[in-house]
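Student: I have a structure open on my screen and would like to walk through it with you. Could we take it one piece at a time?

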Amino acid sequence: PHAVHLSDYAPYPFVIDGVELTFRLDPGRTRVISRIAFSPNPDGPGHSALQLDGERLKLIWARIDGAPVEPRITPEGLTCDVPTGSFVWEAEVEVDPAANTALEGLYMSNGMYCTQCEAQGFRRITYYPDRPDVMARFEVTIESDAPVRLSNGNPQEPDAQGRARWSDPWPKPAYLFALVAGNLTARSASFTTRSGREVALNVYVRPGDEDRCDYALDALIRSMRWDEEVYGREYDLDVFNIVAVDDFNMGAMENKGLNIFNSKYVLASPQTATDRDYEMIEGIIAHEYFHNWTGNRITCRDWFQLCLKEGLTVFRDQQFTGDMRSAPVKRIEDVLQLRARQFREDAGPLSHPVRPESYIEINNFYTATVYEKGAEVIGMLRRLVGAEAYDKALALYFDRHDGQACTIEDWLKVFEDATGRDLTQFKRWYTQSGTPHLRVLESWEDGTYSLHLQQQTPPTPGQPEKAPQVIPVAVGLLDPGGREVVPTRLLELTQAEQSFSFEGLSDRPVPSLLRGFSAPVVIERASTAQERALLLAHDTDPFNRWEAGRALAKELLVDMISNGTDPGDDYPGALGKVIEDEGLDPAFRALTLALPSEDDIAQTLKTAGITPDPMAVHEALNRLAVACARHLRAPLAALHDALAPNGPYTPDAEAAGRRSLRGAALGLLTRIDDGSRAEAQFAQADNMTEELGALTALLRAGKGHEQLAQFERKWSQDRLVMDKWFSVQVMLAAPREACEIADRLTAHPAFDWKNPNRFRAVLGGLAANHAGFHAPGGAAYALAADWLIRLDPVNPQTTARMSTMFETWRRYDADRQDMMRAALERLAAAPGVSRDTGEMVGRMLG
Ligand code: HT7
Ligand code: ZN
């Protein structure tokens, strides 16, 4: 397979004046009739043959200006000679949705037709220039006896034969096309935009699921209002439809006016969804809705610019959740995610820039780097120019580029024009891969405190040398008593090394560095446990307060693992002060109480030059948890009692925060008690957060087998809850049992391995059990590889994505490296390995 390069971009030779599509739906033989009006592109290369993308299509006939033609067909598309000037292409193709297990293009899920076209799925529906810079208006006719037939845009009266018709007035690239047909039922509401447009809102689900749509509908309404209030963006069609689908490769898709969602991110009731599920639903509904402006109205010129829409839309959904819930708590959650997924990616063989320069399979670049680091880059830009200038730049962006397919250069030019700032150096955040490390040295003399900052980015694949980046470092200073003596100041580090001074201080201060996690970097600073404890107790910046606790835990764990030391009482004591502080948000206290993950500790050890032993990491974390539980037994029990539900479940942030603190307390207590507290919570729970919280506390402590069986009996008919049942028992299994449990579950009658959610629950659960996945002997590596090899021909996209469970293989000892490499080599050598998986494995083996 050949690589595509950013530098090879060339405009398409034609523009499209209109597209008409007719679908005759049939499970095994759907016919798609297209009529596409082409004209020469004035910005194109001049007269050319017509080249259309197309894969797995059976061409029935084709015509140009009404005359039959016989194009040259390859597995990737077709070429056809065309007249100079404008012409009309017409064709009929046949596709087989029932046989489409890859879940790209037109496929079936539980008897319902649906589509997934991003990134390049439309070419599996009909012959078309399947590239984001070709934008066109679509008219769609659907012939099917399904009661619900949907496409993009506004619904039209059915035609004379009763066929459903849709008209989308907004030009769009093919990746935003969508069609849904089936026996669905809707929950509906309406929204009036600020200019008075009445918009019908519908959430379509399988019959029986309609009582689980209210939260999604409410989140949609709040997203629409927020985008008007904060970004001045209004919705632009008469309807906004959301459809929940059980078989879906990712979370959701922002098709114009017809968002399609993994049902996991739509359906919620207190009994079946956890607080985390509710928060994810709110965030993903918002994310897809916000794409209507950042992605749809202004789209990407080519797939290298993916971060243009994804980074900005993630940044917007993070702002939204911060506004709906607690901004500091949201920031901590986002940084936890960034470190767990993006820093991990950047530290391994899959590291790539936020704007990559080449790819073999674009689906492999929907990564934490493009999404989450892409969002961080926007956050830094906002921090550097200020909130007001950011708003001005965004207004200019929407004004200047509405209806266009744009690049990162366009985006940065808007900021340069709006602020007068030169962003040449800032652009390196888009082009350089790797996580910068910031070494911090300090001096103190005559009331002047100086910070000497040095930046350095380790080499990454294809980028041995790095140039200095612009790093916004938010700093505050505390005096030794914990009083803030210098409030937050934004330092702009632009050189490889630079010093910054603070004068007129009476005592040597304790710095609070990188407040709010002002840049996605790793700070290297030798600091004492006393300093950390001071920040944990007194920092005015909530993020750094949490960060100080986290750093204390990590340093202690590294010491326990490397030197065999005991956990001691200092860390549990410092935690105790936070959890008992009634003035602090319970959600914040819960985050402070949570220990770092095993994967995080393994990565921390590696960065410190120590080869992690997953079993030692597991054991140290257990010991620390037990020490915290013993030290804090009384306050934890008091919290668990005091935070017991005192009314019916509500999913709001405040109630969820109380439950998360209660859950964290229970998790620790169950490690040292006989399990009766968790068993009682499990038996009494009237909501999934409390029920699953109790079950996970029991499983983590090696108990709860009876509860696991009860849970299965109770929920065997609920597919989303059963995904939880499959995943928790693998994820929380003891290291030496995890692989056997996963293996046993793959033989369970409900293990429908072609369903991505179910496959991820078991095999993803195994990979998420750090010590279980890396348990001695390598059985988990082999089991995971066996299943990935089996899934690849059926669903390459999900296989390739899940193969990243092996991306850290170079982190471990020689024995584990050999076994993980062998698993990857087996995947690479699988007969007919997909382009998706082949590319990922090739990059991982480097
Ligand atoms: N823009 C959407 C990405 C997506 C996707 C990409 C590749 C293959 C399948 C996919 N499903 C959805 C989702 C988003 O970022 O909003
Ligand atoms: Zn997105």
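This is a predicted model: local features need pLDDT of at least 70, side-chain atom pairs count only at pLDDT 80 or more; totals for chains, interfaces and linings use all residues.

Student: Which helices do the buried residues of α27 pack against?

Tutor: Helix α27 covers residues 835-845, and its buried residues include Asp836, Thr837, Val841 and Met844. Just after α27, Gly846 takes a positive phi of about 55 degrees. The buried residues of α27 pack against α25 (796-802) and α26 (814-828).

Student: How do the residues of the contact of α26 with α27 divide into nonpolar, polar and charged?

Tutor: Start with the geometry: the two helices α26 and α27 pack at an angle of about 145 degrees, their axes 9 Å apart, and α26 passes α27 in a left-handed crossing. From α26 the contact takes Arg821, Leu824, Leu827 and Ala828, while α27 gives Thr837, Gly838, Val841, Gly842, Met844 and Leu845. Sorted by type, these residues are six nonpolar, three polar and one charged.

Student: Why does Ala761 count as buried?

Tutor: Ala761 has its place in helix α22, residues 756-768. Leaving out residues up to four places away in sequence, Ala761 touches Asp723, Phe726 and Ser727. A residue is buried if 20 or more other C-beta atoms lie within 10 Å of its own. Ala761 is buried because the number of other C-beta atoms within 10 Å is 24.

Student: What is the C-alpha to C-alpha distance of Ala761 and Phe726?

Tutor: Phe726 is one of the residues that Ala761 touches. In sequence, Ala761 and Phe726 are 35 residues apart, but in space the C-alpha to C-alpha distance is 5.8 Å.

Student: Let's turn to strands. Which residue in β28 is the bridge partner of Val475?

Tutor: Strand β27 (residues 471-478) pairs with strand β28 (residues 484-493) in the antiparallel sense, over seven bridges. Five residues lie between the strands of this hairpin, and Gly482 there takes a positive phi near 95 degrees. Leu477 stands opposite Val486 in β28, and the bridge partner of Val475 is Arg489.

Student: One last topic, the UniProt record. How much of residues 215-429 is helix?

Tutor: For residues 215-429, UniProt lists "domain: Peptidase M1 membrane alanine aminopeptidase" in an unreviewed entry. The end C-alpha atoms of this span are 37 Å apart, and the chain there is 9% strand and, for helix, 55%.

Terms used: Residues are numbered from 1 along each chain as its sequence is written. Chains are lettered from A and ligands numbered from 1 in the order in which they are written. A residue is buried if 20 or more other C-beta atoms lie within 10 Å of its own, exposed if 12 or fewer, and partly exposed in between; C-beta atoms are placed from the backbone. Helices (H or I, at least four residues) and strands (E, at least two) are DSSP runs, numbered from the N terminus. Two residues are in contact if their C-beta atoms, placed from the backbone, lie within 7 Å. Two strands pair if DSSP finds at least two bridges between them. Axes are lines fitted to C-alpha atoms, for helices over the stretch in contact, and angles run from 0 to 180 degrees between N-to-C directions. A crossing is left-handed if the near helix is turned anticlockwise from the far one by less than a right angle, and right-handed if clockwise. Ala, Val, Leu, Ile, Met, Phe, Trp, Tyr, Cys and Pro count as nonpolar, Asp, Glu, Lys and Arg as charged, and the others, Gly among them, as polar. UniProt positions are given in the numbering used here, feature names are shortened, and annotations may be inferred rather than shown by experiment.
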